Amino acid sequence: MDMCLRHNFPRSSGVLLPVSMLHSPFGIGVIGAEAVEFIDFLSASGFHAWQILPLEHTGISFSPYKCVSAFAGEPMLIDPRMLLEMGLATPDDLTERAEGVSVDYVDYNVVRAKQLTLLRVAFSRLNDKPYSRFKPFWLDNYALYMAIKHRFGDIPWYDWPDEELRSHSLPAIRRAKEELSDEIAFNKFVQWLFHEQWARLKEYATRRGVSIIGDMPIYVAEDSAEVWSRRNLFDMDADGSFLAIGGVPPDYFNPDGQLWGNPVYNWSRMRKDGYKWWVSRVKAALERYDIIRLDHFRGFESYWRVPADADSAKEGKWTKGPGMSLFKALEEELGHLPLIAEDLGDITDDVKTLLKDSGFRGMRVMQFGFLGDESHLPHNFNKYSIAYTGTHDNTTMLAWMFELTPEVREQALSYLGFEGDWSVGGPNCAINKAWIRLLFTSTASLAIVPIQDMLGYGSDARTNIPGKPDGNWRFRIRGEALREIDAGFYAALNKTYRRDNSAAMDDNKLVLHNTMEE
């Protein structure tokens, strides 16, 4: 009997690890053997959740929060070894794919070029069309969009030299479908591969009692299939000019605020059709993940609307979002929503009310508890919290300890009751084990630890620095890293603090399901 987190949040734990961060021979983590190995590690250590970052197809920034589609999977994450199994690649092809890539970090430009070359070779060897049975509602539009982008050298749609295609003219769209039929078919093939591989991995995770927590960015990128083809959903002119873009005001991460660049939604227009696009988006995400972390939750109450020609995020203002009307529409169509709300940042009473009314679980981040917001201290967590040592936007716990002022560091060590040497890193890092133990003792229903904190890494292993335009999302773990982690320590923590499977089965209030082990 395995624990299912989808329809409830039993007392449990998980690890935050982006798929791209996994070790593999191909310069980036892929949906293959290493992901299976990680799921086995989680299961053996008593964890029941794997939290990842968005899996969608990234744009030129390679940020998982700036994707060319709200639905399509990232081709770089496809395991090339699957192509060998299918007879669409040779051992020499895989050797070529693995040559010239870094084992320490993701060089996205190199990886993307090599991956697309291999995928095109595989496509050329097809004798039939196995992808023809894969027909999600978004695929035709995405495949066409990517085909046109390829024709124009992958520049954004608003820079396309063809005005009719740029404006999504229906006659031009019909002509493009005929002229670019082979490229369209290639994009469909790639997405079918991604879907097949991900479905296989997710099924394996379910059998091992591990739930996948996906991540849904609140916005879509300005250069995306959705903005190009559905611009009526966004705050844009008829000619495609953005009237306003998203961002956040000055905060802990950036004193000047952040300009994200994406168009904000036309919420009043979305409301008129019952938020159909959002219903489709969440439904598709629930087919891919067990649980969704909803990014920038406060933006659904009020969002930071910045004029498109602004020089700084400081020029923006708070503007009312859809509030409960959106979440009611989603629940009417989809039923109970297993969502985690990223209720971080400038959280007002109105945002707190929206979180309470929605019934979603909020987040607590221990690092923030020692920087002025005591709601993030473990003794203030409640059972409805999803608690972290840090998120993908935070530095690692060890680096955080070094960055604290001596006074705050002493307060943190006193709170923790730690008297040893806090400065030594590595998988047996004493200070990190103490912080993680404290996280597990809290009443938070789900405790999540970034893999870097389990490995005792420093600031060079940070996933992302908010507001920094490049150099993010590149870190990868080494092949032997999981074997260096003290799995027995985490298995004991999970059992001691009732976050493992046996503890869950003792609680008849939890939602459980049976699975057959193969």
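Modeller: On a 1 Å grid over the protein atoms alone, a cavity is a set of points where a 1.4 Å probe fits but cannot get out, and its lining residues have an atom within 4 Å of a point. This is a predicted model, in which local features need pLDDT of at least 70 and side-chain atom pairs pLDDT 80 or more, while totals for chains, interfaces and linings use all residues. Residues are numbered from 1 along each chain as its sequence is written, and side-chain values use heavy atoms, with hydrogens and water left out.

Colleague: How many cavities of 30 Å³ or more does a search of the whole structure find?

Modeller: The search finds 3.

Colleague: Which residues lie nearest the centre of the second largest cavity?

Modeller: They are T391, N394, P450, Q452 and T463, out of 13 lining residues. This cavity has about 80 Å³ of space, and its lining counts 8 polar, 3 nonpolar and 2 charged residues.

Colleague: Which element gives the most to the lining of the second largest pocket?

Modeller: A pocket is an open set of points with protein on both sides within 12 Å along at least five of seven lines. The second largest pocket has about 510 Å³ of space and 33 lining residues, F71, W138, A284, A285 and R288 being nearest its centre. Helix 8 (181-207), strand 4 (211-216) and helix 11 (276-288) each give two or more residues to this lining; helices (H or I, at least four residues) and strands (E, at least two) are DSSP runs numbered from the N terminus. Helix 11 gives the most, with 7 residues.

Colleague: Why does the length of helix 8 agree with what it should span?

Modeller: The expected span is 1.5 Å times one less than the number of residues. The 27 residues of helix 8 should therefore span 39 Å, and its end C-alpha atoms are 39 Å apart. Just after helix 8, G209 has a positive phi of about 75°.

Colleague: In helix 18, which residues are buried?

Modeller: Buried means under 20% relative accessible area, exposed over 50%, and partly exposed in between (1.4 Å probe, protein chains only). In helix 18, I431, N432, K433, A434, W435, I436, L438, L439 and F440 are buried, so to speak 9 of its 12 residues. Helix 18 (residues 430-441) reaches 17 Å from first C-alpha to last, close to the expected 16 Å.

Colleague: How many aromatic pairs does the structure hold?

Modeller: It holds 47. Rings of Phe, Tyr and Trp (its six-membered ring) pair if their centres lie within 6.5 Å; planes under 30 degrees apart count as stacked, over 60 as edge-to-face and the rest as tilted. F370 and W400 have ring centres 5.8 Å apart and planes at 55°, so this pair is tilted. F370 sits in the loop between helix 15 (366-369) and strand 12 (385-388), and W400 in helix 16 (residues 397-403), 30 residues apart. Both F370 and W400 are buried.

Key
Points joined across faces, edges and corners; volume = space filled by probe spheres on them. Nonpolar A, V, L, I, M, F, W, Y, C, P; charged D, E, K, R; others polar.
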